[in-house]
Amino acid sequence: MNQNKLFKYASISVVSVWLGLFALVPIVLVFICSFLNHNDQSFFIWDFTFKNYTQLFNGIYLKILLRSLELAVSCTLLCLLIGYPAAFMLARLRSRYKPLLMLLLMIPFWTSSLIRSYAILALLKTKGLLNLFLLSLGIIHQPLEILYTNSAVLIGCVYNLLPFMVLPLYANIEKLDNNLLDAAQDLGAGRFKTFKDVIIPLTIPGIMAGTLLVFLPSITLFYIPTILGGAKSLLLGNLIENQFMMMQNWPGGSATSMALTALMIPLIWMYQHFATKGQQQVLL
Amino acid sequence: MTRKLYLSLLYIFLYLPILVVVCFSFNNASHSLLWHGFTWHWYGELFNDSDLAIVASHSLMIATLAASTATLIGTLAAVSLASYQFRLKKSLNQLLFSLIIIPDLVLGISLLLIFRLLEIPSGFWTLLIAHVTFCIPFAAVTIIGRMNLINKNLIEAARDLGALDFTIFYRIIVPLLWPAIVASWLLSFTLSLDDVVISYFVSGPNFEILPLAIFSMVKLGVKPEVNALCSIMLLVTLVIVIFAQRALSKKQ
């Protein structure tokens, strides 16, 4: 082999072998495992079945699935509602503090969401700061019991994932062509019409990227319900964790994770569909 | 005006809970919400806890090794994808992209499955492999962004003058990519230091790491020592992220 080709083939092989062996193969294994049976003696036995998938649609499993979807949808919508105006204002901001504000938005992106969930716990507890504050203002007369309810889980999710919505939206809105907005106004479109017919369609890639980055983690961050939710707040992420670590039911857990992964396929499809319409990728 | 108010509320929402944790880590009372004066007591307790010191050293070791390996592989991936044509190029690109959006949980159980099948006992090696794997896509994406800014003529010129690919790599590409390489090392380091979900599945009882220790403490509720430990972790991440952003925003 030509000595010069050595570097090319060496680097391609290192990358492909590592990602193949420790990412692609394991994920394919989970897929295969999701069709297997299991018994008390071993994690799985070689016996083909669809039972792991069909069981997701009955009783307690269906309830968990629906509750997780409900939480993920509410969390995504709330993040979008809060995050869109924020991203818009930040993108249009002309201030010398802007780099600092952007940095402050980046920091939660990289800090531990476990620690940030713990911070929410400290804030929400019955004798916590939030209650103290509201009580002293006289807004409430009895401490709110938010902690260990589904609302606490929702607050925790929104708190943790909001920056993941704002950042891709910001990247998208910042690249908006001002001439288009001016043109819309010159042609007589009101502010609302400009927003609805010009700005929203142009920021669909950002919206899709943000949705993708918020929706999935809100189901899978199993420690948010563990820390903030009560016993009733078991979600899909906790179910998978239980199936693997407590029940030792690997095929069951694999099927649940595959169902979860399947949830993201339409989202990715939509993202790619909209993002390739003459727009650059804004994800990260 | 509305804009200022809205953005202020947003930042208060993002930072108030963290601020509460940091303040209470210095509060001279164990369960009271009121301010009882400043103290280093809880930090002292942490530093006297020898078990915690071992756990922290494990975390630092894993994060350092994982960040270095992932940055090396991520750089090779970025360079291969940017400058070579090969058969699996498109698939490799898609795999990197999917690994960024695939839930951590799925990657965690996938790795658990393969480690059990290969009979690798959970511990140092499983954690290291797992951390390298989930850092690679982030490292690669950070470096690809910089790679696109490199003037391709420099590489062509070197090639015309007879430089071999490896020489081009370490004499031209690496120096030009250096800020991105530093940034991706720092970001991989924080990702590794903070990861809970994947580590939860691949760690063993003989090799505990900090985020999992924090997780088991947090499950038991709010305690001043936990406040102190979380504040230290936040400070470390904060410093690293600021340095990484600085490196990334430097002009060529």
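**Entry 1, chain A.** I read the elements of chain A from the N terminus on, and they run α-α-α-α-α-α-α-α-α-α-α-α-α. I counted 13 helices and zero strands there. For my own use: helices (H or I, at least four residues) and strands (E, at least two) are DSSP runs, numbered from the N terminus. I must keep in mind that this is a predicted model, where local features need pLDDT of at least 70, side-chain atom pairs count only at pLDDT 80 or more, and totals for chains, interfaces and linings use all residues. Residues are numbered from 1 along each chain as its sequence is written, while chains are lettered from A and ligands numbered from 1 in the order in which they are written.

I looked up the extent of chain A: its C-alpha trace spans about 75 × 70 × 35 Å along its principal axes. Of the 284 residues in chain A, 44% are buried. A residue is buried if 20 or more other C-beta atoms lie within 10 Å of its own, exposed if 12 or fewer, and partly exposed in between, with C-beta atoms placed from the backbone.

I found eleven helices and zero strands in chain B. Its C-alpha trace spans about 70 × 60 × 35 Å along the principal axes, and buried residues make up 45% of its 252 residues. I also checked contacts (C-beta atoms, placed from the backbone, within 7 Å). Among those in chain B with a separation of 6 or more, 80% join residues 24 or more positions apart.

Is helix 9 of chain A largely in the open or buried? The number buried among its twelve residues is zero, so helix 9 of chain A lies largely in the open.

The axes of helix 12 (residues 236-245) of chain A and helix 5 of chain B come within 11 Å and cross at roughly 10 degrees. These two helices are therefore roughly parallel to each other (an angle under 35 degrees). On the chain A side, A:G237, A:I240 and A:F244 make the contact, and on the chain B side B:L105, B:I109 and B:L112 do.

Which residues touch the most other members of the largest nonpolar core? They are A:Y118, B:L111 and B:C135, in a core of 157 residues. Such a core is a set of buried Ala, Val, Leu, Ile, Met, Phe, Trp, Tyr and Cys residues joined through C-beta atoms within 7 Å. Leaving aside neighbours within four places in sequence, B:L111 is in contact with A:F22, A:P26, B:A130, B:I198, B:F201 and B:V202.

I looked up B:I143 in helix 6 of chain B. B:I143 is buried, with 25 other C-beta atoms within 10 Å. Not counting residues up to four places away in sequence, B:I143 touches residues including B:G74, B:A78 and B:L177. The C-alpha atoms of B:I143 and B:A183 are separated by 8.7 Å, though these residues are 40 residues apart along the chain.

Note on methods
Contact = placed C-beta atoms within 7 Å. Axes fitted to C-alpha atoms, helices over the stretch in contact; angles between N-to-C directions. Parallel < 35°, antiparallel > 145°, perpendicular 65-115°, else oblique.
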